Amino acid sequence: MSERLTARAALAAVADTFDELPEPEGPPAPPDGPLGWPGYDEARARATAATGETESVVCGIARIGGREAVAVSFEFGFLGGSLGQRTGDRLAAAHAAARGRRLPVVSLIATGGSRMQEGMRALSQLQRVAHESALTRAAGLPQLAVARDPTTGGGWATLGAGADVILGLPGAQIGFAGSRVRPAGADPAAYTAEAQLAAGHLDAIVEPEELAATLGRYLTLLTSPSAEPADPPAALGAGAPPETGWAAVLGARAATRPRAPQYLDAYFETRAPISGDRCGGVDAGLLAGFGRRAGRTIAYAAQCGTRTTPAGYRTAARLVRLAGRLGIPVLTLIDTPGAANDAAAERAGAGPAIADLFAAVATSPVPVTSLLIGEGGSGGALALAAPGNTWATPDSYFAVINPESAAAILKRGPAAAEPTANELRLRPQDLITLGVLRGIT
């Protein structure tokens, strides 16, 4: 588990400079808070004496990796980093400052949840924080969160889980339920950064010594909008289009054909991933994130040649919508024999997930460029394709259904797969003639 830093030490570890925001104005709190909780004022005084802070969060303007951001850092030593009325005041002021200055928000979270000594007045701050976060999101400004140890309760369910990019520190406790309120016998491993990453709720786990550079990379990428579409990558494999439909199928299925990781490495100078669908799933065969190319940021979602799961489609939709909100063009790489179609995929919502990605691409406010780099299996591949701006490499094919399945539907024998492939007109040059593709790279 990572060392638990104070709020200011956490800021110093990632920021080159930090200028604290002024204390928000507000009426004085009644003695012992809104509930008149006996000893509450004394507890706050002891927390101030122990930490040097007057509240559980410190907010200001920081420079991280050469980029300015509004930074929010929690002081766990102040009543467990809990959220109360004055915490909400500071968080609301921080978001207002971000919108006023057109800056991203970076939250370094370490909290046990809402402050019980303030009762529902404290809990209602979650609504307030969620509202401020929504306003910042609508303003097209990115929000990044670092889940330190612990990140639980309302702090996780608002500033943490509601951020655009969520990073976790190794071994950190992360979950809605804090350690003292979990069901008896609950597996503690389920409430860790590692478990949240595996379940699709974090984008990455970052070592403390790498956090400053990682935040700087994300901030640079996410704050660089561009109106121009991404150029389709150059083909890395076969140089000539296939002579027959069956040759196209065999070429796309060749084990030696370049795959998405090779295309992404050749296309981008640097990349920062996003991971997970935020619904409990991760698809290792769907790569998504933001990359730098020739001074521009381009978002990417890339299939890796496997059957894409519902989690993969939801992750891709999340990427497309985030890029649209930030004004960043999108590149998709298409390569799948088709959507996962087993019972688990149906239970996980394959149809709704594909439908949602179709909608995200169709309504994207930023240009989407697509490149078919291998197999284009039916709707599971088409969901990533940009209408009117899809290209293909010579070693690829796109089909309404794979030739083996087409032959089976037509009640032909297995040997008919080859002639059926020719009838489907699935070669790249056929698809240009049909108006499905713009060209071959």
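This is a predicted model: local features need pLDDT of at least 70, side-chain atom pairs count only at pLDDT 80 or more; totals for chains, interfaces and linings use all residues.
A helix here is a DSSP run of H or I, at least four residues long, and helices are numbered from the N terminus.

Let's start with the pocket. The largest pocket has a volume of about 650 Å³. Its lining counts 26 residues. Which residues lie nearest its centre? They are G112, G113, S114, T152 and G178. Now the label. α4 gives the largest share of that lining, 3 residues. Three elements supply at least two lining residues each: α4, at 119-123, β5, at 143-152, and α6, at 153-160.

How many cavities of 30 Å³ or more does a search of the whole structure find? The search finds 1. The largest cavity holds about 40 Å³ of space. Its lining is H95, V105, S107, Q143, L144, L159 and A163. Two strands each put at least two residues into that lining: β4, which spans 105-111, and β5.

The peptide bond between D149 and P150 is cis. Omega there is about -5 degrees. If you set up this model, that is the bond to look at on screen.

Now the backbone elsewhere. Two arginines have positive phi. Take R278 first. Its phi is near 65 degrees, and R278 is not a glycine. Where does R278 lie? In the loop between β9, residues 270-274, and β10, residues 286-293. R278 is partly exposed, because its relative accessible area is 22% and buried means under 20%.

Then R425. Phi of R425 is near 50 degrees, again positive in a residue other than glycine. R425 sits in the loop that runs between α16, 417-423, and α17, 428-433. Is R425 buried, partly exposed or exposed? R425 is partly exposed, because its relative accessible area is 37%, and exposed would need over 50%.

One more residue: T17. T17 lies in strand β1, residues 17-20. With a relative accessible area of 43%, T17 is partly exposed. Set aside the neighbours within four places in sequence. Which residues is T17 then in contact with? I61, A62 and R63.

Last, the whole chain. It has 17 helices and 16 strands. Along the principal axes, the C-alpha atoms fill a box of roughly 85 × 50 × 35 Å. Of the 441 residues, 54% are buried. Now contacts between residues at least 6 apart in sequence. Of these, 74% join residues at least 24 apart.

Surface and charge to finish. The accessible surface is about 17,900 Å². Carbon and sulfur atoms own 57% of that surface. The chain carries 38 positive and 41 negative side chains. How far apart are the centres of the two sets? They lie 4 Å apart.

Terms used. Residues are numbered from 1 along each chain as its sequence is written. Side-chain values use heavy atoms; hydrogens and water are left out. Buried means under 20% relative accessible area, exposed over 50%, partly exposed in between (1.4 Å probe, protein chains only). Contact means heavy atoms within 4.5 Å. Accessible areas come from the Shrake-Rupley method with a 1.4 Å probe; for residues, only the protein chains shown count as cover. Lys and Arg count as positive and Asp and Glu as negative; His and the chain ends are not counted. The place of a charge is taken as NZ of Lys, CZ of Arg, CG of Asp or CD of Glu. On a 1 Å grid over the protein atoms alone, a cavity is a set of points where a 1.4 Å probe fits but cannot get out, and a pocket is an open set with protein on both sides within 12 Å along at least five of seven lines; lining residues have an atom within 4 Å of a point. Grid points are joined across faces, edges and corners, and a volume is the space filled by probe spheres set on the points.
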